[in-house]
Amino acid sequence: RVLVPLCGKSPDLYWLSQQGLEVTGVELSEIAARAFFEESGIDFEVGEFHGQTRYSGLDHAITIVVGDYFQFADKPFDALYDRASLIALPLQRRPQYIRHTRSLLRPKAQMLLVTLEYDQSLGHGPPFSVQAEEIRQYWPDARRVHVRDDIDDCPPKFRQAGVAEFLEVTWLSV
């Protein structure tokens, strides 16, 4: 079971399910949840899950729970896939996000995390820069497995502000 916080309508949900994983995304926008299933061509049903709306694929192991992530509760997940959650939150909200996320994971859960690193004195998020030192505070056993300069595909506001390097960093914890 894989948890995907603040999932939006990411095609990663479909890819993860194609790898044989049971995927649960949590998203604030009902429009995004419905759009994911409609745009992916996945038949779905809508129900309730602990007072929140739940979209479930009929032939795919994909669920999107619509509501406040910080109110979301479920049985523990085996893995976390965070491609755009941590970087969407300002610094003061990140510790709360980490505490809540940890509460949803089994001990020794695997984690795949994608962050951004850039000179935040020049450009301001979201998406926010999250430096390696901060990641190591949250996930001491995490290691960098890939770094790519994404300056050509970053939001234009960063290049316009003078940001010259916009690193996409992938972290793994197993």
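Contact here means heavy atoms within 4.5 Å. By that criterion, residues 24 or more positions apart account for 61% of the contacts in the protein with a separation of 6 or more. The model is a predicted one, in which local features need pLDDT of at least 70 and side-chain atom pairs count only at pLDDT 80 or more, whereas totals for chains, interfaces and linings use all residues. Residues are numbered from 1 along each chain as its sequence is written, and side-chain values use heavy atoms, with hydrogens and water left out.

**Overall architecture**

The secondary structure comes to 5 helices and 9 strands, where helices (H or I, at least four residues) and strands (E, at least two) are DSSP runs numbered from the N terminus. Read from the N terminus, the elements follow the order β-α-β-α-β-β-β-β-α-β-α-β-α-β. The radius of gyration is 16 Å, close to the 16 Å that the globule rule gives for 174 residues, so the protein is as compact as a globular protein of that length; this radius is taken over C-alpha atoms, and the rule is 2.2 Å times the number of residues to the power 0.38. Along the principal axes, the C-alpha atoms fill a box of roughly 45 × 35 × 30 Å. Of the 174 residues, 48% count as buried, a term that means under 20% relative accessible area, with exposed meaning over 50% and partly exposed lying in between (1.4 Å probe, protein chains only). The protein exposes about 9100 Å², of which carbon and sulfur atoms supply 51%, the areas coming from the Shrake-Rupley method with a 1.4 Å probe.

In soluble globular proteins, nonpolar side chains tend to be buried together. A nonpolar core is taken as a set of buried Ala, Val, Leu, Ile, Met, Phe, Trp, Tyr and Cys residues joined through side-chain atoms within 4.5 Å. The largest such core has 35 residues, and those with the most contacts inside it are Leu3, Phe72, Ile135, Trp139 and Phe166. Two or more residues are given to this core by each of β6 (77-82), α3 (94-103), β7 (105-117), α4 (132-138) and β9 (167-173), and the largest share, 5 residues, comes from β7. Leaving aside neighbours within four places in sequence, Phe166 is in contact with residues including Leu116, Tyr118, Ile151, Cys154 and Phe158. A second, separate core of 16 residues includes Val2, Ile64, Val66 and Tyr81.

The buried residues of α3 are Arg94, Tyr97, Ile98, His100 and Thr101, and the buried residues of this helix pack against β1 (2-5), β6, β7 and α4.

Strands are said to pair if DSSP finds at least two bridges between them. Strand β2 (residues 23-27) pairs with β5 in the parallel sense over 5 bridges, and Thr24 stands opposite Thr63. Strands β4 and β5 run antiparallel and are joined by 4 bridges, with Ser56 as a bridge partner of Thr63; a hairpin through 4 residues joins β4 to β5.

**Backbone exceptions**

Most residues other than glycine have a negative phi, and most peptide bonds are trans. The peptide bond from Gly125 to Pro126 is cis, with omega near 10°, and the bond from Pro126 to Pro127 is also cis, with omega near -10°. Pro126 is found in the loop between β7 and α4. His50, in the loop between β3 (44-49) and β4 (52-57), has a positive phi near 50° and is exposed at 65% relative accessible area. Lys108, in strand β7, has a positive phi of about 65° and is exposed at 79%.

**Salt bridges**

The structure holds 11 salt bridges, each a side-chain nitrogen of Lys or Arg within 4 Å of a carboxyl oxygen of Asp or Glu. Three of them are listed here.

| Salt bridge | Closest N and O atoms |
|---|---|
| Arg1 and Asp74 | 2.9 Å |
| Arg83 and Asp12 | 3.6 Å |
| Arg34 and Glu38 | 3.9 Å |

Arg1 lies in the segment before β1 and Asp74 in the loop between β5 and β6, so this pair ties together parts that are 73 residues apart in sequence. Salt bridges that share partners join Asp12, Arg83, Arg148, Asp150 and Glu168 into one network.
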